[in-house]
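Dear colleague,

I am passing on a structure for you to look through, and below it I have set out what was found. Please keep it open beside the text as you read.

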Amino acid sequence: MPELARPGSPRWQAEPFDLLPFDALQLRQFAGRWMTALGVPDAESAAERFAVQFGERHREALVRVPLMATMLCQLYADQPKPPLPTARHEVYRAFVSLLESRQYSDAVTGIVAQVRRAAAKYGSDAVTAAETLPAQVVDLAGHVALAWLAGEPSPAVDLAIAQTNEPRPHGLPAEAWRDILAETLRRSGLFTERGGDFVFIHQTLLEFLAARQIARDGRRADAELRLVFGRWGRQLPPEWRQNDSFTRFLIAAAVDRPFLTACLWRCTDRWEGARFVAALVQDGIDVEPKVARRAADTLARTSGRPECTGYFRRELAGHLRVLGDDRDTDILLTLATDPRASDTDRVLAAHALSALRDPRTPHAYLSIAADVDVGPLDRAGAMRALLDGPTDTSLGRGLLNVVADPAFHEGIRREVLNVLRSAEPAGYTALLHTYVQGTALGVDARAIVVQELARVGDPRAPELLLALASEPAVDRALRYELMRALRSLDPARHGELLVAHGANGKLPYGTRLTALGELADTGDRRAADLLVALAEEMDADPKADARTHTARLRVVRHLVRHGDSRAEALCASLAADVSAGASVRLDAADTMRAARFPIAADVFASLAADPLLDAHARVTAARMLRRPSRKPEALA
């Protein structure tokens, strides 16, 4: 077509094409046609089983191209029960062995019977010579492959005739001998006819047979290996050589050569060479165990370098897995829990651990879900993977701490509790009690546990709710939520429980104050007396500290809010207490001013003149003295 640029012209550019693997449907259809053509009983079922076996991710590359799929289909049809090869070199070796075994068939339609009939009219010598050809065909194909690889232009039949074990019998015409040999090549399964001559069904089959032929001559094999690894065997093959199918086949065929072992050993002192050795093993090449171990050591050592990216570390882990080294999971776990790695690399590492069924997988996902710097979608995905995995209570505390984060919705929290309940149905409440008693959980996570205990009707839930609500680390919103849960849990007992806690001198001041504050908010008349008693107790405490004085301030504010007349005297006492901090004393005076107590101005004046206060506190008191009173609602 003249309108298209021709190869070699200035406008011509080769277009690269990437051959995609079969999808599940395409592989099943391809296998079905082959099983039918090969006469396999119940071809559709056989194709389905074949597709399942080779549709797995780690075998997907084997059926990436039609040639490999074709060879595997024939191997499967011949022996469906034994496991098929899982590596590229093994597939070629098994396929050639299958074709070689078929040459010995005595069936009427077999090649042996066919050449016997063709040679019969030329006498017994001709028959004997012809009968040897099918058994030689794979070896003859190796000679043809080697000659063509070296650039020999002669046709396949001419090259094969020159390598037969027996010369042509005298009574057999040359043309008949040539025809018999041509039919043997045609029926071998290795060749196809094109342009009046035979060619191999695929270039890689030529390279496989040529490499195998070279390896039969030790000196020639070493010479070819020197082209790959350098004259002294110390050169790492260039990238194109490492991925070249002939080079791989040559190494596989010459794997027992001491020179090759030495070359591979030297290669493994660098990660590039160790990666190359792993690729050879993945191809089904049996490298020396000591070489594989050294390659694994190099790869594991490389993964610890600070310049290694997450992608590269995952690649190294994959090579270690190919070499059968269990350090691959250590690398993946380290990557999944590394906060410096990208979110994507961490998630993919955790997924790889999960695919390998590593018992540490939940820890990897938990690390991602707990990291607030990870994107919300990845955190949610990690949490989902955790919840979809095996139920286990050992991670209960970690899960609760994670889902206490507001980034996770209530549904996820409910799922975590359901997982824990399904894992420990008989001792669920006892498990939750162990969680809430320790210090491993944060305040928000403990709130989830206590509220769950309340939901399931545990009798200790009210006390736990009150105790948690009394902790200083609990913010106002959470405290309100906990107290509301307490009130709705047991309305009849609610007030008595609050009175009991408020009057219990063995409890911390904060716990008692929280209980009495809630009691006052319910309108219980006992609250005011108990609050006054608590304030007097704290005032008389010789070990009172800053937290005690802060609690005293909260007491008087409760009293002010509920209109108790005793609040004024308690406020004045706190503002005048030199053992209290300046901020507490000023806040007490400000509370009086907001409540419009008559003596508020005198208290501010006293603070402004107090020599025990620093200059800043005295100036603040003087300024507040001149400030107009706030509305009483401001204390609410």
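Arg 414 is partly exposed, with a relative accessible area of 25%, whereas Glu 452 has a relative accessibility of 2% and counts as buried. The side chains of Arg 414 and Glu 452 meet in a salt bridge, with N and O 2.9 Å apart. Because Arg 414 lies in helix α23 (residues 410–423) and Glu 452 in helix α25 (residues 443–455), the pair ties together parts that are 38 residues apart in sequence. Please bear in mind throughout that this is a predicted model.

The count of salt bridges comes to 36. Another of them joins the side chains of Arg 28 and Glu 48, at 3.4 Å from N to O, and this pair links distant parts of the chain, since Arg 28 sits in helix α1 (residues 24–37) and Glu 48 in helix α2 (residues 43–54), 20 residues apart. Arg 28 is partly exposed at 27% relative accessible area, and Glu 48, at 35%, counts as partly exposed too. In the salt bridge between Arg 327 and Asp 325, the closest N and O atoms are 2.8 Å apart; here Arg 327 is partly exposed, with a relative accessible area of 27%, while Asp 325 is buried because its 16% is under the 20% cut-off.

As for Phe 50, leaving aside residues up to four places away in sequence, its contacts are Leu 27, Ala 31, Met 35, Ala 69, Leu 72, Cys 73, Tyr 76 and Leu 84. As general background, nonpolar side chains tend to be buried together in soluble globular proteins.

Finally, a search of the whole structure for cavities of 30 Å³ or more finds one, and the volume of the largest cavity is about 30 Å³. Its lining is made up of Ala 535, Arg 552, Val 556, Leu 570 and Leu 574, which by class gives four nonpolar residues, no polar ones and one charged. Helices α31 (546–561) and α32 (567–576) each supply at least two residues of that lining.

With best wishes

Methods: Residues numbered from 1 in each chain as written. Predicted model: local features only at pLDDT ≥ 70, side-chain atom pairs only at ≥ 80, totals over all residues. Heavy atoms only, no water. 1 Å grid on protein atoms, 1.4 Å probe; cavity = no way out; pocket = protein on both sides within 12 Å on 5 of 7 lines; lining within 4 Å. Points joined across faces, edges and corners; volume = space filled by probe spheres on them. Helix = DSSP H or I, 4+ residues; strand = E, 2+ residues; numbered from the N terminus. Nonpolar A, V, L, I, M, F, W, Y, C, P; charged D, E, K, R; others polar. Contact = heavy atoms within 4.5 Å. Salt bridge = Lys/Arg side-chain N within 4 Å of Asp/Glu carboxyl O. Buried < 20%, exposed > 50% of the residue type's maximum accessible area, 1.4 Å probe, protein only.
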